[in-house]
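Look over the sequence and the model, then read the points below.

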Amino acid sequence: MSDAAPPARTAAVIPAAGRGVRLGPGAPKALRALNGTPMLIHAVRAMAASRAVSLVVVVAPPEGAAEVKNLLDAHALPERTDYLVVPGGETRQESVRLGLDALPDDIATVLVHDAARPLVPVDTVDAVIEAVRDGAVAVVPAVPLADTVKQVEPREKGEPEPVLATPDRAALRAVQTPQGFARDTLLRAHRTVTGNVTDDASMVEQLGEPVVVVPGHEEAFKVTRPLDLVLAEAVLARRRVTDGF
Ligand SMILES: Nc1ccn([C@@H]2O[C@H](COP(=O)(O)OP(=O)(O)OP(=O)(O)O)[C@@H](O)[C@H]2O)c(=O)n1
Ligand SMILES: C[C@](O)(CO)[C@H](O)COP(=O)(O)O
């Protein structure tokens, strides 16, 4: 018998415990259907489509963990991948931390992927994993901005807001998920950084560790508002025509 340690594995943590307030009333966002299949199942399949991902941890709405387990059992998913469900928290940050707590010791690379980005292509997932395996401690997929961006002095809704600056758009990127991390670095970030953040990479930035960007994909957009549901269903319809599924 060999004494060699088993190869370090990659896991994807999927925070799916948000309510989806901006999407409007209804079931928690991750459980809403896109062309008849819950958004979360699309997101799980997107992670499991990568042959490098051997474990997917779904962070479910706190009162919905049993329902999410049933959903995973009821849908066809790649058998080479393991699936775990844990209840989430009050904020995205807390939900991700609860997902990280569930990881077994042999996981070396961690992806954090929004359930709300159900259509990310597998090539983007693989590019993020490869960059981490090549030595980056934190990797973020991102796309250039289509709009000019203004920094403003925020005012109450509807009130005109004074413009403070127009940042150089060429140096800005809109950040997506999955974000990929060396496990130790991400755990340290979640143990150390407090306060409100909107993504995991910014926690690593606060540690003073380097974060790099790789190309994202326009289909990795986040389903946030009602119009995004229309776009997501249109993308799925196009895939059915071009890819046959
Ligand atoms: N307490 C929370 C809040 C958010 N999320 C997850 O984080 C991802 C990105 O969050 P966002 O798109 O903002 O989702 P919501 O918080 O549900 O949206 P909203 O702000 O409109 O309520 C989503 O997959 C969401 O389910 C989570 O797991 N736990
Ligand atoms: C993580 C994220 O999707 C990267 O763009 C984003 O920051 C999540 O923000 P939200 O306010 O939770 O939608």
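Helix α1 buries Met39, Leu40, Ile41, His42, Ala43, Val44, Ala46, Met47 and Ala48. That is nine of the ten residues in α1, which spans residues 39-48. Buried means that 20 or more other C-beta atoms, placed from the backbone, lie within 10 Å of the residue's own. Helices (H or I, at least four residues) and strands (E, at least two) are DSSP runs, numbered from the N terminus.

This is a predicted model: local features need pLDDT of at least 70, side-chain atom pairs count only at pLDDT 80 or more, and totals for chains, interfaces and linings use all residues. Residues are numbered from 1 along each chain as its sequence is written, while chains are lettered from A and ligands numbered from 1 in the order in which they are written.

**Strands**
- Strands β1 (residues 9-15) and β6 (residues 107-112) run parallel, joined by five bridges. Two strands pair if DSSP finds at least two bridges between them.
- Arg9 has Ile107 of β6 as its bridge partner.
- Strand β11 (residues 179-182) runs antiparallel to β6, with four bridges.
- Ala182 in β11 stands opposite Thr109.

**Ligand 1**
- Ligand 1 is surrounded by 22 residues; Pro15, Ala17, Gly18, Arg22 and Ser95 are the closest. A residue counts as near if its C-beta atom, placed from the backbone, lies within 6 Å.
- This shell has eight nonpolar, seven polar and seven charged residues. Ala, Val, Leu, Ile, Met, Phe, Trp, Tyr, Cys and Pro count as nonpolar, Asp, Glu, Lys and Arg as charged, and the others, Gly among them, as polar.

**Ligand 2**
- Around ligand 2 are Arg92, Asp114, Val175, Gln176, Thr177, Thr198, Asp199 and Lys222.
- Four of these are charged, three polar and one nonpolar.

Notes
A residue is buried if 20 or more other C-beta atoms lie within 10 Å of its own, exposed if 12 or fewer, and partly exposed in between; C-beta atoms are placed from the backbone.
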